[in-house]
Amino acid sequence: MTLLDLANPTRFLSLTAKILPWLAGATAVLLVIGLYQSAMAPDDYQQGATVKIMFIHVPNAWLAMFVWGVMSIAALGTLVWRHPLADVAAKAAAPIGAAFTFLALVTGSLWGRPMWGTYWEWDARLTSVLILFLMYLGLMALWRAVEDPSRAARAAAILTLVGAINLPIIKFSVDWWNTLHQPASVMRMGGSTLDKAFLIPLLVMAVAFSFLFVTLHIAAMRNEILRRRVRSLQMMQAGKPSAS
Amino acid sequence: MTALAALIRRDIRVALRIGGGALIGVLFFLTVVVLMPFAVGPDLALLKRLGPAILWLGALLASLLTLDRLFMADHDDGSLDLLVMSRTPLELACATKALAHWLVAGLPLIVATPVLGLLLNLDGSATLAVALTLLAGTPALTLTGMIGAALAVTLHRGGLLLAVLVLPLSIPVLIFGVAASNAATSGDTPFGTPFTILCALSLASLVIGPFAAAASLRHGLD
Amino acid sequence: MTLGPYESFIVTSYVLVAAVVALLIVWITVDYRRQKARLRDLEARGVTRRSGRSASDMS
Amino acid sequence: MKNPAMRLSGRDVRCVRGGREIFTDLSFSVQSGEALAVTGPNGAGKTSLLRVIAGLLALAGGTIDLEGGTGELTTAEQAHYLGHRDALKPALSVGENLAFWRDFLGGAPDHKQNALTAVGLDHIAHLPAAFLSAGQRRRLSMARLLAVRRPVWLLDEPTSALDAAGQSVFARLMQDHLENGGLIVAATHAPLGITTHDLWMGAQP
């Protein structure tokens with residue numbers, strides 16, 4: 001299975017049709033294992049049972065960034081290698097990435113509520129994710145603004161790459177802004193000293209969510225290929241004179 | 001009646017389909033409000049105090065920016081000529097277009113308000129008050145903004161000129177909108193008075209807006 | 001398994017994640033059915049990719 | 001359904017646009033069953049004349065009257081104007097575009113399908129108007145003239161962008177309209193394919 005094989009959308013469709021059920025099954029199994037382990041995980045001595053939110057918050061936050069990375073590679077594919085599936089991949093990833101980012105935000109604020117007493121704190125990490133979410137929405141708006149997908153692809157690819165370069169800068173500025181205004185008093189996650197009892201369920205959940213993303217992404221890419229096929233057929237149909 | 005229903009259906013459809021900008025206004029609103037704390041600092045007490053004002057400013061700018069194309073799009077594709085020529089009074093057509101625009105661009109702002117209230121540390125009653133004042137006040141913004149949008153067609157210019165024309169007109173709405181929201185938050189002034197005035201402003205602009213816009217369109221065509 | 005004083009927060013987060021993921025799955029499935037139906041419809045009208053060279057496999 | 005006998009006439013019409021006098025002392029007259037072809041070089045004011053009749057440009061002098069029409073309606077309200085721009089929304093489907101104008105201008109519900117068939121677009125009614133070529137867009141705006149009955153047709157370069165088949169379809173539609181007692185004022189460079197009276201604008205040749 002080389003990149004060249006996948007470049008043909010028809011082959012991509014037939015290949016993924018075979019792979020997709022297995023991916024979905026693997027995702028389901030991993031999720032069940034992950035959820036079971038999360039349920040069995042002990043309470044944290046500081047946070048109590050709220051630590052369970054971590055098992056879904058962290059994978060979502062991780063995917064929020066990972067999906068932007070996938071889109072950046074796809075953007076390079078569009079701009080540099082002109083790979084025919086690159087903009088399909090980029091377009092299909094955006095709504096999924098936005099959904100994961102949204103979940104990261106919401107679970108983050110639900111996790112923070114017991115710690116801070118408010119749902120929202122302008123904490124550096126949450127704020128950065130919020131900005132990432134806005135950028136996802138902007139990217140989706142860009143895809144929707146232009147009817148011709150191949151024209152939108154260039155613009156979206158440039159925005160994605162600029163975003164990828166800018167995101168660390170934004171993260172750094174927000175960190176700086178945050179420490180300027182308030183000494184770091186907010187919750188700190190265990191960091192590297194995370195106990196094994198938490199680490200294993202977390203890793204399983206992270207892998208499960210990654211599988212979930214890959215499954216959804218491939219399915220969404222298939223839809224996008226079909227959508228473009230419909231579009232080009234319709235344009236052909238419009239070009240033909242009336243049958244009657 | 002069929003004519004106006006058809007117009008409303010068309011405008012909503014065009015706004016919601018690919019290429020339409022229905023939800024960009026909300027996105028702008030979201031971005032402006034999120035930007036504010038970076039300027040004033042993440043002090044939750046301060047944000048709570050400024051919250052209604054920030055939300056109102058964001059909603060004002062968002063509803064103004066999306067108005068740009070209200071008549072311009074119809075002018076560019078020639079639809080406006082037919083709207084002017086039709087048997088439906090142009091004033092009614094303008095009011096209908098404003099209603100369609102408010103439904104796709106104004107209403108989502110109000111729906112987004114609770115989320116943003118959360119970010120600005122507003123409590124439930126304050127958020128509700130802001131949402132309520134926006135519900136009463138955004139029609140006035142749309143209707144006065146429509147005058148500017150009609151003038152923009154006449155002058156073949158949109159964008160910043162529109163903002164310069166319309167922003168001064170929306171000062172009263174801003175004053176009473178924020179006053180009513182603050183009254184609900186702090187509680188030392190009555191909520192009813194500014195809120196009633198806000199409703200009155202919306203009703204007045206419902207009368208003035210369509211007539212001014214229609215007059216401007218009629219005389220501005222060439 | 002007891003979830004302590006913040007049970008509602010934990011349950012809400014899990015339910016929300018499940019709901020959003022379910023929404024994604026439903027959206028993708030519905031979208032797939034819709035595109036397939038359109039393709040079938042076009043085929044029924046005699047518009048196929050083989051009938052013209054202009055429609056390449058892509059775009 | 002035949003239209004009652006009508007006469008559209010202009011006397012000493014003057015048009016000023018952007019401070020410049022486009023034409024002055026222009027008189028014309030068309031009655032039911034007649035077509036007036038407005039010809040002349042670019043810039044002579046053909047489009048301006050149509051827009052003045054349609055009420056889209058202010059009359060700077062003279063009078064325009066429609067005799068025999070519905071009394072309380074203005075000339076514009078009894079006229080169709082087919083301008084350079086097609087008044088179509090690319091995001092809407094072909095059928096939706098036509099249905100909107102039919103509903104907005106007050107046409108009968110069953111006219112939509114017939115109108116689309118008449119201009120040869122019925123097989124792509126469900127496609128977005130964005131997919132149409134320039135000629136097809138023109139055909140779609142022609143369909144508007146059929147979906148809603150109006151006695152006066154004001155046509156600005158109606159056959160531009162149309163192929164030979166499209167032009168003959170349009171000629172037939174115009175002929176039908178005239179036979180039903182309608183009247184047509186068309187600005188044109190090319191022959192329309194129907195008998196017309198000519199109104200030459202600009203310097204005498």
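1. A word on angles to begin with: axes are lines fitted to C-alpha atoms, for helices over the stretch in contact, and angles run from 0 to 180 degrees between N-to-C directions. Please keep in mind as you read that this is a predicted model. With that in hand, have a look at helix α1 of chain D, residues 46-53, which lies across β1, β2 and β4 of chain D. The direction of α1(D) is at about 120° to β1(D).

2. In chain D, three strands make up an open sheet, ordered β2-β1-β4, with antiparallel pairing. Which strands stand at the edges? They are β2 (20-31) and β4 (61-67) of chain D; each has a single partner strand, so one side of each is left without a neighbour in the sheet. On average, and with direction ignored, neighbouring strands of this sheet are turned by 15° against each other.

3. The pairing of β1(D) with β2(D) is antiparallel and runs over eight bridges.

4. Now to the helices of chain A. Helix α3 (residues 51-81) and helix α4 (residues 86-116) of chain A cross at roughly 155°, and their axes come within 8 Å. Angles over 145 degrees count as roughly antiparallel, and α3(A) and α4(A) are therefore roughly antiparallel to each other. Their crossing is left-handed. What is the make-up of the contact by class? Where α3(A) meets α4(A), there are 23 nonpolar residues, eight polar and one charged.

5. Helix α7 (residues 124-155) and helix α10 (residues 192-220) of chain B pack with their axes 8 Å apart, at an angle of about 15°. Angles under 35 degrees count as roughly parallel, and that makes α7(B) roughly parallel to α10(B). The handedness of the crossing, as α7(B) passes α10(B), is left-handed. In the contact of α7(B) with α10(B), 17 residues are nonpolar and nine are polar, with no charged residues.

6. One residue of chain A may be worth a look. A:A28 sits in helix α2 of chain A, residues 9-40. Is A:A28 buried or partly exposed? A residue is buried if 20 or more other C-beta atoms lie within 10 Å of its own, and exposed if 12 or fewer do. A:A28 has 14 C-beta neighbours inside 10 Å, so A:A28 counts as partly exposed. In sequence, A:A28 is 181 residues from A:F209, yet their C-alpha atoms are 9.8 Å apart in space.

7. On to how the chains meet. Four pairs of chains touch, and the pair with the most contacts is A and C. On one side of that interface are 32 residues of chain C, in contact with 37 residues of chain A. The chain C side holds 18 nonpolar, eight polar and six charged residues. Chain C itself has one helix and zero strands, and of its 59 residues, 12% are buried.

8. Between chains A and B, 16 residues of chain A touch 17 residues of chain B. On the chain A side, α5 (124-145) and α6 (149-181) are the elements that give two or more residues. The largest share, seven residues, comes from α5(A). By class, this side of chain A has nine nonpolar, five polar and two charged residues.

9. Finally, the pairs that stay apart. Chain B and chain C do not touch, and 15 Å separates their nearest C-alpha atoms. Chain C and chain D have no contact either; their closest C-alpha atoms lie 9 Å apart.

Technical notes
Residues are numbered from 1 along each chain as its sequence is written. Chains are lettered from A and ligands numbered from 1 in the order in which they are written. This is a predicted model: local features need pLDDT of at least 70, side-chain atom pairs count only at pLDDT 80 or more; totals for chains, interfaces and linings use all residues. Helices (H or I, at least four residues) and strands (E, at least two) are DSSP runs, numbered from the N terminus. Angles under 35 degrees count as roughly parallel, over 145 as roughly antiparallel, 65 to 115 as roughly perpendicular and the rest as oblique. A crossing is left-handed if the near helix is turned anticlockwise from the far one by less than a right angle, and right-handed if clockwise. Ala, Val, Leu, Ile, Met, Phe, Trp, Tyr, Cys and Pro count as nonpolar, Asp, Glu, Lys and Arg as charged, and the others, Gly among them, as polar. Two strands pair if DSSP finds at least two bridges between them. Two residues are in contact if their C-beta atoms, placed from the backbone, lie within 7 Å.
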